[in-house]
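Hello,

Here is the structure I said I would pass on. Please look it over before you read my notes.

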Amino acid sequence: MFEHVENYPGDPILSLMDDYQRDARSEKVNLSIGFYYDENGQVPVLTSVKHAKALVDAQPPAANLYLPMDGHPVFRTVVQSYLFGELSAADHSRISTIQSVGGSGALRVGADFLTRYYPESRVWVSDPTWDNHFAIFKGAGFEVNRYPYLDVSGKSIDFERMLAVFESLPVNSIVLLHACCHNPTGMDLSPEQWDTLYELFRKHSIIPFLDAAYLGLGDGLEEDAYSIRALAQSGITGLVSNSFSKVFSLYGERVGSLSVICESSDIAQRVAGQLKGTVRTNYSNPPRHGAELVATILSNAELASSWRAELDAMRKRMVEMRQALFDKVKTLNPDLDVNYLLEQKGMFSYTGLSAEAVDRIREKYGVYLIRSGRICIAGLNSSNLAAVAEALSNN
């Protein structure tokens, strides 16, 4: 039995982390996986999260029961305000939001829901994108295609070519988009381009699916949420997956959400029921603790303000690291074009390095990037900047 089961090649990023752990060099640098590290190279526990945990732990002991299938009720309420801002009660009533097992769980529940009601549709993801996007939708039974995102230089978004592809898609095509801080390129659409996209989607009956894992790490929380809020106000149907792993530094808690923006409250109620049914046949109920922490912070004005300040400090540190790395590389190799460090946003930058160059950097300098050439800016600090600058300058 199971003789026909093939080997799993492993996730390229998580496998690279295993290689990093086995590397005995003390000067090695991990710029691969998408963790936010502080200046000391540690994944921080946010002060706002510590205070929220103290408040949660201070509650009288209660039975540790299952959450509802759609998750923690307060969490779902505050997440809607967090994502969509100050909408009217009528607008909120046409958005169905559930708690999910991280952002990946939100994507998969959304994919399973869509494949039930649009089984003939195809999914389109950006080229390039996060590898798991392709795998999740393919695993849900969809044919997955790629739409162009960058121009031939790899240094800017080819918006016109992207629009041309979208205009050619059949009705009910599903288009996956990064809400902000595009992974892996760090290049985002402007508000005007988002508005143009939504008008095109309305005209051609295309279903947008936004993935939001880095809100607040690009230009700021309000600015980064533009794509989500413009979608809610556009009047078209769409989906939004959201993760709190990075922005709350709650990786192991697997806290996320899925929201479906519908045309009416009646449709939203029916969608909510079917999302619960999808969860029931998947993992049945989401976990409690992380949702309680996020709900406590976002429903408490003082803690929410503290968290926003910490989030902005994370964003500003990455901006400073971009500038510092740019300056060091230009000092070592003035002719090397590393303007992308300053032009791109968020946790990642797209270096344009080939897979072979990435391998050479890892072997010679102990600097770990993923083979697409993506670099995790959050892994930089004053102790490793010189080594990373030297590695980039000589490749």
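Below are my notes on pockets, a cavity and a surface patch.

Keep in mind that this is a predicted model.

Pockets. The largest pocket holds about 600 Å³ of space. Its lining is made up of 27 residues. Ser 104, Trp 130, Tyr 214, Lys 246 and Arg 254 lie nearest its centre. Helix H1, helix H5 (102-117), helix H6 (131-139) and strand S6 (207-212) each give two or more residues to this lining. By class, the lining of the largest pocket splits into 12 nonpolar, 10 polar and 5 charged residues.

The second largest pocket has about 490 Å³ of space. It is lined by 21 residues, with Tyr 118, Ile 207, Thr 237, Glu 263 and Ile 267 closest to its centre. H5, helix H8 (191-204) and helix H11 (265-280) each supply two or more of the lining residues. H11 gives the most, with 4 residues. The classes here are 13 nonpolar, 5 polar and 3 charged.

Cavity. The search of the whole structure turned up 1 cavity of 30 Å³ or more. The volume of the largest cavity is about 50 Å³. Tyr 147, Tyr 149, Leu 177, His 178, His 182, Asp 188, Leu 189 and Trp 194 line it. That makes 5 nonpolar, 2 polar and 1 charged residues.

Surface. Met 1, Phe 2 and Val 5 make a nonpolar patch of about 430 Å². Val 5 sits in the segment before helix H1 (12-22). Val 5 counts as exposed because its relative accessibility is 51%, and the cut-off is over 50%.

Best wishes

Terms used: Residues numbered from 1 in each chain as written. Predicted model: local features only at pLDDT ≥ 70, side-chain atom pairs only at ≥ 80, totals over all residues. Heavy atoms only, no water. 1 Å grid on protein atoms, 1.4 Å probe; cavity = no way out; pocket = protein on both sides within 12 Å on 5 of 7 lines; lining within 4 Å. Points joined across faces, edges and corners; volume = space filled by probe spheres on them. Nonpolar A, V, L, I, M, F, W, Y, C, P; charged D, E, K, R; others polar. Patch = residues over 30% accessible without salt bridge, like charges linked within 9 Å, V, L, I, M, F, W, Y side chains within 5 Å. Areas by Shrake-Rupley, 256 points an atom, 1.4 Å probe, with all protein chains shown as cover. Salt bridge = Lys/Arg side-chain N within 4 Å of Asp/Glu carboxyl O. Buried < 20%, exposed > 50% of the residue type's maximum accessible area, 1.4 Å probe, protein only.
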